[in-house]
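Please look through the sequence and the model below before reading on.

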Amino acid sequence: MKAMIRALSWWALMTAPAVAPAAAMQAGPPTTPTFQLEVEGGPVWQSRNNVQIPNDPAGTRFSLVDAIGSGPWPAARIYATWNINNASYQFNSWRATYRYRFHEGDDWRWWIGFTAKVRDAKIRLAQGIEVAEKPDVGFVPL
């Protein structure tokens, strides 16, 4: 429990500085800033991490989870963007999956389910005060 509280505290500390500038950027008309800096942070865990050195059948296989634990550990990522012109292209996608296990035996597990992928694309051009934008949201065949 202490590890979870420590991880959540670290995550809050890492993400708080990024929330205020992001909220301030949302105010006013939509624009594409010339420079952007995004910071992500949070805890990470591992449930399985098997390693084999050297990576051939004669290599020694061991578990990093057994050697160093399952976490949580702090993780961070920083993105720096320089928009050198007035055009932007954004492409996001999300997946949602539902599955139902209808059989679990000693050797086999049987599941049935589906996955839907949704994409959110946007092309935006700006020149002076003129702005044109074409959003497109829809399902993607898998």
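What follows goes from the overall layout to the strands, the charged side chains and the surface.

This is a predicted model, in which local features need pLDDT of at least 70 and side-chain atom pairs count only at pLDDT 80 or more, while totals for chains, interfaces and linings use all residues. Residues are numbered from 1 along each chain as its sequence is written, and side-chain values use heavy atoms, with hydrogens and water left out.

The chain contains two helices and seven strands, where helices (H or I, at least four residues) and strands (E, at least two) are DSSP runs numbered from the N terminus. Read from the N terminus on, the order of these elements is α-β-β-β-α-β-β-β-β. Of the 142 residues, 11% count as buried; buried here means under 20% relative accessible area, exposed means over 50%, and partly exposed lies in between, with a 1.4 Å probe and protein chains only. Taking contact to mean heavy atoms within 4.5 Å, residues 24 or more positions apart account for 52% of the contacts in the chain with a separation of 6 or more.

One pairing of strands can be followed in detail, given that two strands pair if DSSP finds at least two bridges between them. Strand S2 (residues 50–53) and strand S3 (residues 60–63) run antiparallel and are joined by four bridges, and Ile-53 stands opposite Thr-60 in S3. Together S2 and S3 form a hairpin, with six residues between them.

The charged side chains come next. Side chains of opposite charge can pair when their charged atoms come close. A salt bridge is counted when a side-chain nitrogen of Lys or Arg is within 4 Å of a carboxyl oxygen of Asp or Glu, and by this rule the count is five salt bridges. In one of them, the side chains of Glu-40 and Arg-77 meet at 3.2 Å, N to O. This pair links distant parts of the chain, with Glu-40 in strand S1 (residues 35–44) and Arg-77 in strand S4 (residues 73–82), 37 residues apart. Glu-40 is partly exposed at 34% relative accessibility, and Arg-77 is also partly exposed, at 45%.

Another salt bridge joins Glu-104 to Arg-109 at 3.3 Å, N to O, and Arg-101, Glu-104 and Arg-109 are linked in a network of salt bridges. The salt bridge between Arg-124 and Glu-133 has an N to O distance of 3.5 Å; here Arg-124 is buried at 7%, while Glu-133 is partly exposed at 43%.

Which charged residue is buried yet has no salt bridge? It is Lys-117, and the nearest side chain of opposite charge, that of Asp-136, is 13 Å away, with Lys and Arg counted as positive, Asp and Glu as negative, and His and the chain ends not counted. Lys-117 lies in strand S6, and, leaving aside neighbours within four places in sequence, its contacts include Trp-94, Phe-139 and Leu-142.

A nonpolar surface patch of about 890 Å² is made by Tyr-98, Tyr-100, Phe-102, Trp-108, Trp-110, Ile-112 and Phe-114. Patches are made of residues with over 30% relative accessible area and no salt bridge, like charges being joined within 9 Å and nonpolar side chains (Val, Leu, Ile, Met, Phe, Trp, Tyr) within 5 Å. Strand S5 (87–104) and strand S6 (109–127) each supply at least two residues of the patch. Tyr-98 is placed in strand S5 and is partly exposed at 46% relative accessibility.

Conventions
Accessible areas come from the Shrake-Rupley method with a 1.4 Å probe; for residues, only the protein chains shown count as cover.
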